Amino acid sequence: MATFLYQVGRLAFRRRWYVALVWAAVLAAVGLGALQASGASDEEFSMPGIESQKAFDLMEQRFPGASADGATARVVFVAPSGEKVTATENREAVEKAVADLGDGAQVASAVDPFRAKAVSKDGTTAYATVTYKVAANDLTDVSKDQLDRAIHTAQGSGLTVEAGGSAMDDGAGPGGAAEVIGVAIAAVVLLITFGSLAAAGLPLLTAVIGVGVSMATILTLSQALGLSTTTGTLAMMLGLAVGIDYALFVVSRYREERARGRVPREAAGLAVGTAGSAVVFAGLTVVIALAGLAVVGIPMLTKMGLAAAGAVVVGVLVALTLVPAFLGFWPNAVLRRRARRSGRIEDEGTRDNGGSRWARFVLRRPLPVLLLGVVGLGALAVPMTDLQLGMPGDEAKSTSTTERRAYDALAEGFGPGFNGPLTVVVDAKGAKGAKDAKGGKGAEGAKGGKGAEDATGAKGDTGPKGAADAVAKKIGGTEGVVSVSPARFNEAGDTAVFQVVPSTAPTDERTKDLVTTIRGERPGVESETGATFEVTGTTALNIDVSDKVQSALIPYLVVVVGLAIVLLLVVFRSLFVPLKAALGFLLSVLASLGVVVLVFQQGHGAGLLGVEQTGPIMSLMPIFLVGIIFGLAMDYEVFLVSRMREAYVHGERPGQAITSGFRHSARVVVAAALIMIAVFAGFVGESDSMVKMIGFGLASAVLFDAFVVRMAIVPAVLALLGDRAWWLPKWLDRLLPKVDVEGEALGRRSESGPEAGLGSGPDAGSGSGSDVGSGSGPEPAGATGREVART
C-alpha cells in the first residue's frame, strides 16, 4: 500500500499539470451536468414497514388525487380580549379570510371553522384548515404569497391571526453563516498550525474543489437516482470536514520530510505513501459508517449516507493526487516563512513540543488519567438513560415565529392534544356490519368529551359505514381521547378517514401510550366488523419512526463497529488497539448523547444556547451522531496511532513510540478537531432547534472523542499494555492481508541510499525544468541545517 501510494504521490508531483487539468475537467464536466439537470426531486420522507407509512400508502391508493402527504396550513383566529370570534364582525372577517385562503390553483380545500365546528368552547378561538394538492416543497411562491396576504388582511380587522403547518415551512436550512464561520475559523487554526498562508490555504482550496465535484455530481444524478434536495446536506458537511483533515495530514507530513532533507518530489511521494495510507484507511472507516446507514431502513437516510460516502471518496482521491500536484507547483510556499527566508528548515519532529510533553505526562500517570477520563465521560453519559426520542415540532420553535404562536393559541383554546391529532384509516372492504353502531348516538369521548357527534350510525346500518362508525365509537371511548371527527369516505365507499384528538400534547409519553392502546384494540374490532384500521398522522409517524430508529441502532452499531474493527486489525496488526478504539468511540458517543439530553430534554443550560422549549430528542439524532462521529473518531485514531505504530515497527520501545506519535501528530490532530468543533458549533447559532441540537451534539462528540478519548485514554491504555498493545495471534496474523501502512518498505528504500536517484532530473530541486520555486541544485540528504533552495 505505502509503496503504491508513494509512486502515486511522486507521479502526481511530476505530472502536476496533467493532474490539475484532469481535476479541472472533472469539475467542469459535472458542473455542466448540474447546470443542465432538471433539479433534485422533492422525495417525501418514507419508512417502509411501519404502520403509519402503510396507512399513508393506503390513503393514496383509496383516495386518488388527494395526496396523503399534501401540504397543510392551519390558520388560527383569536378574537380581541373580551370578544367572541363568533361575533358578527369577527365572523365576517374569518369567513372572508377563508374564502381568500381557498382561492388558489394549488389549494384542495379551505374549511370554514363555523361549518366544521372548529370553534373553541369559550368562543374566543377558531381555526381554518387549508389543504393543498401538492407537498410543501412543491408550493409555488404565488401560493405562499396568497396565504400571507389572507393572513395579513384578517389581521387588519382586529383579529389575532397566526398560522402553522407544513405549508409554512420555507424549506430553508441554515442560512450559510455557519459554514462561513466554520471555514473562517478553520483558516485561522491552519494558519496558526502551519505558520504559512499557503500551507493554511492549500487544505481549504483542495477541500472546496472536492466538495464542488461531489455536490455537482449529486445534482447531476439527482433526477436519475431520485435524490431529494436534502441528500447533499450531509455530503457537503462531511466532504468539507474530511477534505480539510486529509489534506492537512498530507501537507504536514510533506513538511516533515522536507525537514529531513528530502527534495520536494521525494518528500511528496513519502508524504502520500505514509500519511496517504492513513488517509485511505481513515476514509474507508468513514465510508463504512455512512454506507451502514442503509441498515436503518429509511430510504432517504440511505441515500444521504451513500452520497456523503461518495463525497468522502472524492476527498480521499483529492488528498492523494491533487494535494501533491499543488505541492509540485509551490514546493517551498507551504514551509514556514522563516524557513523560506533563511533557507534552513528546522526538523520539528526531533525536538520537544506540547504533544511529546503531554505524552510523557500520561506515561508517568497512565492509570489516574485513564480513570479520570472514563469516569468523567461515564458521568456525562448518565442522563442518556433518560433519552426520549421524538420529532420536535412547532412547540420547539421560537416564540417570535407565527408557527409557535399558532401552536400556543390552539393548545390554549382546544387543549394540548389538538396540535397532534391522530389520523385513523378504516379499511372496510371486508366489513360484515357493525353491530355496535346500531342506533348509536356517536362515539363519546372520555371524561366528558363530546365525542364524534356527527359519526352516528343509523339503526341497523351494516357494511362499510357501520364498520367505520363502530371503529369511531370504540376509539372515542378510549381513555385519553377528547374527540373523534366525522368520518370521510372515498368514492368507492370502502375506506374511511377520521381524526382523533388526544388529551395530551404530541410529544407527551402518554400520547405514545394512547397510540399503543388504540392499536391494541384492532383485533377485537376486526373480529366484530370484518374491517380493520391503521393509525397514522404526524404524531403517530413520529412515534413509529422513533421506535424503528431505536430498534435499528444496535444492529447498526454492530455492523459498523464490527467492520471497522476488522479494518483496524488490518491497519494496526493488533488485537487490542481496534477494540480500544471501538470502546473509546462508544464512550464518547454516549457522553455526547448524555449532554444533549441534559440540555435539550432536561433543560439544564438551555437558556445559554437559546433553547426556548425542551422536549424529546430528534429521532434520527443517535443515528446521525453514531455515523458521523464514528468516521471522524476513526480518522483521529488512525492518524495518531499509525504514527505510534510506525515508530514501534521502526524499533522504538512502546513508551518511546507513544511519545513519537504525539510529537509528530498531536498538533495536527488537535488542529483537525478544533476545525470540526468550529464547523459544528457554528450551527448552534441557528434559530431552528433541531439544527441547534445537531450542531451541539456533533461539536460535543468531537470534543470528547478527540481531547478525552484519543489524547488521554488512548495513550494511557497503550502505556499500561506496553508491548502487548501490538500483540496479534499468529494464526490471525497469517489470515490478515499484509498492507504496509507504516511505510516500512519506504524506510528500507531510504536506508538503501540517501535520496538515491534524486540528484538529477527536473524535480531534483534544481531551478530548471518543472520544479517551480527551487533556485539551486539538489539538496543533500541529512545536510547540517537542512538547506532549502532560496526563492
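Analyst: Rings of Phe, Tyr and Trp (its six-membered ring) pair if their centres lie within 6.5 Å; planes under 30 degrees apart count as stacked, over 60 as edge-to-face and the rest as tilted. The model is predicted: local features need pLDDT of at least 70, side-chain atom pairs count only at pLDDT 80 or more, and totals for chains, interfaces and linings use all residues. Residues are numbered from 1 along each chain as its sequence is written, and side-chain values use heavy atoms, without hydrogens and water.

User: How many aromatic pairs does the structure hold?

Analyst: There are 11 aromatic pairs.

User: Which parts does the pair of Phe-576 and Trp-727 tie together?

Analyst: Helices are DSSP runs (H or I, at least four residues), numbered from the N terminus. Phe-576 belongs to helix H19 and Trp-727 to the loop between helix H22 (689-721) and helix H23 (730-735), so the pair links parts 151 residues apart in sequence.

User: How is the packing of H18 and H19 described?

Analyst: Two packed helices are described by the angle between their axes and the distance between the axes. Axes are lines fitted to C-alpha atoms, for helices over the stretch in contact, with angles from 0 to 180 degrees between N-to-C directions. The axes of H18 (residues 538-572) and H19 (residues 576-601) come within 8 Å and cross at roughly 145°. Across this contact (heavy atoms within 4.5 Å), residues of H18 including Leu-557 and Phe-572 meet residues of H19, among them Val-577 and Leu-586.

User: Which residues form one aromatic cluster?

Analyst: That cluster consists of Trp-17, Phe-326, Phe-329 and Trp-330.

Methods:
Helices (H or I, at least four residues) and strands (E, at least two) are DSSP runs, numbered from the N terminus.
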